[in-house]
Amino acid sequence: MSHQFTVRKNKIATGPIWVKDMGYYLKVPRKNHYYTRKRLGSKKRGLSVEEKRTRMMEIFFETKDVFQLKDMEKIAPKEKGITAMSVKEILQSLVDDGMVDTDRIGTSNYFWAFPSKALHARKRKLEALETQLAESSQKKERLQQSIEKSKIGRQETAERAALIKELAALRQKKEHLKAEIDKYKECDPDVVEEIRQANKVAKEAANRWTDNIFAIKSWAKRKFGFEENRIDKSFGIPEDFDYID
């Protein structure tokens, strides 16, 4: 069964339209797709956030006028199909992105966006991208030159192959000798001296604790009248407990 369609001409149907490109709005000739085809009886699809932003920018660019929020809340639903409840949020997002200018005069906030600003912004963006491209090209050229320079003297030749083989053999020999040295590390005078010093520190520490134990035993005997052998038995102190010579 064939469907019936009606063609509705948009309220603003002459002159150029504004199209978003690379984050900016450009003026392009109006094409047939600006007319809307609406299927009878079908449910109208809601506008996406980006579509609302685009249509709101069209209001500014087509009128080249300054508006208050209350003006946009009346115009946007009527001219662009943007719901009144979303006008404030969409307008604020455009302000936050620097696409719409705003200023407070007295007790009211005014909003505007002129095509010339969008054009200049796009030119600046294009210049920045061109500069970035030129810098990247220069960097690529420098890297290519560095690669070519590093290849000099590294060509695969019989002499180079022999030198690489000799280098590998020398490295293997070095690892073998290092392992042999590690076997006799304990006989190294520096290592022996380090062990001797560590033993000295340990001996002094042990004798300090021996002093402490003797002092506690003496205090316990005086304080509680305990016999020494009873103290040793209670605390597991051996009979031959004494200082380390």
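Seven salt bridges are counted in this predicted model, a salt bridge being a side-chain nitrogen of Lys or Arg within 4 Å of a carboxyl oxygen of Asp or Glu. Four residues, Lys217, Lys221, Glu228 and Asp232, are linked in a salt-bridge network. Lys52 is buried but has no salt bridge.

As this is a predicted model, local features need pLDDT of at least 70 and side-chain atom pairs count only at pLDDT 80 or more, while totals for chains, interfaces and linings use all residues. Residues are numbered from 1 along each chain as its sequence is written, and side-chain values use heavy atoms, with hydrogens and water left out.

**Overall build**

- The protein chain has seven helices and seven strands. Helices (H or I, at least four residues) and strands (E, at least two) are DSSP runs, numbered from the N terminus.
- Along the sequence, the pattern reads β-β-β-β-α-β-α-α-β-β-α-α-α-α.
- Of the 245 residues in the protein chain, 18% are buried. Buried means under 20% relative accessible area, exposed means over 50%, and partly exposed lies in between (1.4 Å probe, protein chains only).
- Take the contacts between residues at least 6 apart in sequence: 58% of them join residues at least 24 apart. Contact means heavy atoms within 4.5 Å.
- The protein chain has an accessible surface of about 19,800 Å², and 55% of this belongs to carbon and sulfur atoms. Accessible areas come from the Shrake-Rupley method with a 1.4 Å probe; for residues, only the protein chains shown count as cover.

- Glu58 pairs with Lys80 in a salt bridge, with 2.9 Å between the closest N and O atoms.
- Glu58 sits in helix H1 (residues 49-63) and Lys80 in helix H2 (residues 69-80), so the pair ties together parts that are 22 residues apart in sequence.
- Glu58 and Lys80 are both buried.

- Lys217 forms a salt bridge with Asp232, and their closest N and O atoms are 2.8 Å apart.
- Lys217 belongs to helix H6 and Asp232 to helix H7 (residues 228-235), so this pair ties together parts that are 15 residues apart in sequence.
- Lys217 counts as buried because its relative accessible area is 5%. Asp232 is also buried, at 13%.
- Lys221 bridges to Glu228, with the closest N and O atoms 3.4 Å apart.
- Lys221 is partly exposed because its relative accessibility is 33%. Glu228 is partly exposed too, with a relative accessible area of 38%.

**Lys52, buried without a salt bridge**

- Lys52 is found in helix H1.
- For Lys52, the nearest side chain of opposite charge is Glu89, 7.1 Å away. Lys and Arg count as positive and Asp and Glu as negative; His and the chain ends are not counted.
- The Lys52 side chain makes a polar contact with the side chain of Ser86 (3.5 Å). A polar contact is a pair of N or O atoms within 3.5 Å; within protein, one must be able to donate a hydrogen and the other to accept it, and residues adjacent in sequence count only if both atoms are side-chain atoms.
- Apart from neighbours within four places in sequence, Lys52 contacts Leu47, Ile82, Thr83, Ser86 and Ile90.

**Nonpolar surface patch**

- Trp219, Phe224 and Phe226 form a nonpolar patch on the surface, together holding about 320 Å² of accessible area. Patches are made of residues with over 30% relative accessible area and no salt bridge: like charges are joined within 9 Å, nonpolar side chains (Val, Leu, Ile, Met, Phe, Trp, Tyr) within 5 Å.
- Trp219 lies in helix H6 (residues 189-224). Trp219 counts as partly exposed because its relative accessibility is 45%.
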